[in-house]
Amino acid sequence: MKILSLLILASYLSTASASVNYKSKKTTSWNISNTSWNLSFEKEYSEFIARIGKAKKAGLCSTTDECLRSPKANPKYSALNPTALKSIFADCADLPYILRAYFSWMNDLPFSYPNALLPADWFSEENQEILNEIKELQIELSNAGFIRRRFIKAKIKKLRKELNGGSRKVPDLRYNASGNVIKSKVFVKNGDDVNTIFRNISNSISTASFRTKASESGDTKNFRDTYPVRIDRDSIKPGTILYDPNGHIGVVYEVTPNGKIHLIDAHPDNSLTAITYGEKFSRTSVKIGGGFSNWRPFSYEDSQVNFKTNEELEDYDLSQYQKSKDFTFNGKVMSFYEYVRNKLSIGNLVYEPVKELRELLGELCYEFQERKLSVDKAIASGINKQAHPSTLPSNIYGTDGDWETYSTPSRDARLKASIREGRDLVKKMIILDSKRDPALLYSGADLRSDLELTYNQEVKKCSVSVESSININIQMNLHEMLTSIYKQSFDPYHCIELRWGLTSEENLKNCQDSKDKLDWYQEEQGLRNTIDRDYSLKMDFSLFELGNAEISLVEQENISILNALK
């Protein structure tokens, strides 16, 4: 892995230009002198994102803030950062908005973001009368006296309950099955403070902000900031946003010649990571609006907004939302994920099996190393020393507080999905070899043996160092991490041994977790077996309820890459 890291770094440095302080430092006061986004700015934005992503992958920065301040990651703009620029926070949903806002500020461009959303269900035809009545009451409220105001507020509350199907609680907009509607947006104005803008983005934006109907452009000032794009190399490029309806966002920073998509993503602990597109990202429907999208160009001058509708955008396309799981490319039926890679490959996609396996294991190694950083942050916070809560969160994948910051159920599920996808790729290449398919480029005599040899070589190159609860250093190579994946705890209240699936008698003795925590570890096995996340399931069970709950009745799927080679 050291050689791989050096190659990545060398590749990055060969394309990054030196930092040029071609004008004085920016002030923290936003200035809009370029009132419209055009193709030239979009090209520069794409290059800006590519540099950030490659620098992150090369290990030159580990948070969004670090990358934006690094002369190597951000050579064109880092020297322009004013001394008054405060630390910039970004989790997964914030990331694309923060990066777009930063670039807009640096280039004196307009910028906007949604700051209020409502469930799309509320705007159905049958609810129009209720909405109109609420609107009239809100107008009346502004001029009402004290007693009348109380009456009107109670009436509005009752009507909103009707809109919400009789429930007092508004659904979690991040996972709302019907999607959302933008109620209002903020447009940055001349003189606005950039520190305030970045802070407000972090406070306003969540994955719910992306969960809007893909086929709609929006209206007047409440337009949809992004639009779905064609699956091709001209449309999916550095800066393209990928929204996973299961609550995660990535930003494309590179599309390789053989069709692989590399992205950066951020996390609640403020870390920035680099990942590869695949089955870890779920597909979605039009009304939820996930998948690949680009920023919608717009202009803003004298408080007048002009934006391009979907129909006016050359690469607007809804084909990624087709209901069928089967896509066709050059007469071959394949999954959406294979289709994307084939469409983005320069020329016909040809698999070089040894190279493919080596790259796969390198990517998995990187994901485990990023997981280590996350686990280490949890241990450093001391949360593993705290008593375990009496119940799990309402849903372990989508929550808030310490659990969101320090747990890893979503990260671990995506990692398992990547391993499973790697296993399937190995199986596919073996089948292609047996058929002498021209889609496989291999001239050896025994593909299984060559791949097994490659596996054994590569897993030894990769390791993580785990410091046990009694400060003993434990080295885990990639094979050990792959084979213990179902044992590795996502629960931040567990000791580091359990977080890494080190469950030998000696390791458990070093762990020193209470019987209560060990019982939680045992009962969470079904959740660790789960690969495909479901944010709609009830999960706030107590220790004594969890074992018999339906979410615990999940068997382990054999996702072993090595077993596929036997």
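What share of the 566 residues of the protein counts as buried? The figure is 54%, where buried means under 20% relative accessible area with a 1.4 Å probe and protein chains only.

## Basis

The model is predicted: local features need pLDDT of at least 70, side-chain atom pairs count only at pLDDT 80 or more, and totals for chains, interfaces and linings use all residues. Residues are numbered from 1 along each chain as its sequence is written, and side-chain values use heavy atoms, with hydrogens and water left out.

## Fold and dimensions

The protein has 19 helices and 16 strands, assigned as DSSP runs (H or I of at least four residues; E of at least two) and numbered from the N terminus. Its radius of gyration is 25 Å, close to the 24 Å from the globule rule for 566 residues, so the protein is as compact as a globular protein of that length. That radius is taken over C-alpha atoms, and the rule is 2.2 Å times the number of residues to the power 0.38. Along the principal axes, the C-alpha atoms fill a box of roughly 80 × 60 × 55 Å.

## Nonpolar cores

A nonpolar core is a set of buried Ala, Val, Leu, Ile, Met, Phe, Trp, Tyr and Cys residues joined through side-chain atoms within 4.5 Å. The largest has 57 residues, and Trp30, Phe48, Phe198 and Ile201 have the most contacts inside it. Helix H4 (residues 94–106) supplies the largest share of this core, nine residues.

A second, separate core of 41 residues includes Leu349, Ile430, Cys462 and Met481.

Key:
Buried < 20%, exposed > 50% of the residue type's maximum accessible area, 1.4 Å probe, protein only.
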